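Here is a friendly walk through one protein model. Have a look at the sequence and the 3D view, then read on.

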Amino acid sequence: MKPVRSILAILAIGGLLAACHGYDPKTESKRDMLADSGFKVVSLKTPGQAASFKKLPPHKLVRKTYNGKPVWVYADPTMCGCLYMGSQDNYNAYIKEASKQMMTTAMRANFADDPYSPTGMDNAVDSDWDWGEWGNPGYYGLNY
């Protein structure tokens with residue numbers, strides 16, 4: 001019976017640590033996109049690095065300048081205790097990917113059965129429109 005109790009205790013402690021760790025799927029997704037965009041993971045090695053790391057806002061991209069060029073940094077104190085560092089090109093790639101994800105999410109919402117979906121509104125709009133008042137859409141410059 002003791003091995004079972006030990007295993008249960010270890011699992012309970014692991015669950016508590018995971019809950020306290022603050023796992024956030026959005027943060028993990030952002031970190032994955034940063035890495036995929038070419039951001040480098042930088043471990044903190046000196047007390048000076050740790051001190052400046054603590055001054056950064058957690059889980060936010062921040063623009064810094066080094067020798068007149070932008071350097072983007074992302075402090076991750078909860079998951080890896082590290083800094084993601086990237087160039088302007090890395091940042092642009094990240095923004096492009098983040099925009100794609102936002103558009104994908106928005107498109108999924110449009111196809112869902114919700115009252116604000118343009119697809120759901122099509123039938124209501126078509127049923128009360130009288131083309132006789134307007135004529136051929138080609139008159140207005142549309143290809144019809």
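## The largest pocket

Let's start with the largest pocket: 14 residues line it, and Ser-52, Lys-64, Val-73, Leu-83 and Met-85 are the ones nearest its centre. Two or more of the lining residues come from each of β1 (40-43), α3 (47-55), β2 (61-66), β3 (69-76) and β4 (82-86). Helices (H or I, at least four residues) and strands (E, at least two) are DSSP runs, numbered from the N terminus. A pocket here is an open set of points on a 1 Å grid over the protein atoms alone, where a 1.4 Å probe fits, with protein on both sides within 12 Å along at least five of seven lines; lining residues have an atom within 4 Å of a point.

How much space lies in the largest pocket? About 290 Å³, counted as the space filled by probe spheres set on the points, with grid points joined across faces, edges and corners. Its lining splits into nine nonpolar residues, four polar and one charged (Ala, Val, Leu, Ile, Met, Phe, Trp, Tyr, Cys and Pro count as nonpolar, Asp, Glu, Lys and Arg as charged, the others, Gly among them, as polar).

## A word on the model

This is a predicted model, so local features need pLDDT of at least 70 and side-chain atom pairs count only at pLDDT 80 or more, while totals for chains, interfaces and linings use all residues. Residues are numbered from 1 along each chain as its sequence is written, and side-chain values use heavy atoms, leaving out hydrogens and water.

## Strands side by side

β2 and β3 pair in the antiparallel sense over six bridges (two strands pair if DSSP finds at least two bridges between them). Lys-64 has Val-71 in β3 as its bridge partner. Two residues sit between β2 and β3 in their hairpin, and Asn-67 in the turn has a positive phi of about 50°.

β3 and β4 also run antiparallel, joined by five bridges, with Trp-72 opposite Gly-86 in β4. Their hairpin has five residues between the strands, and Gly-81 takes a positive phi near 60°.

## Two salt bridges

The count comes to two salt bridges (a side-chain nitrogen of Lys or Arg within 4 Å of a carboxyl oxygen of Asp or Glu). In one, Arg-31 meets Asp-76, with the closest N and O atoms 3.0 Å apart. This pair links distant parts of the chain, helix α2 (residues 25-36) and strand β3, 45 residues apart. Buried or exposed? Arg-31 counts as buried at 15% relative accessibility, and Asp-76 is buried at 0% (buried means under 20% relative accessible area, exposed over 50%, partly exposed in between, with a 1.4 Å probe and protein chains only).

Glu-97 forms a salt bridge with Lys-100, their closest N and O atoms being 3.6 Å apart. Both lie in helix α4 (residues 88-111), three residues apart.
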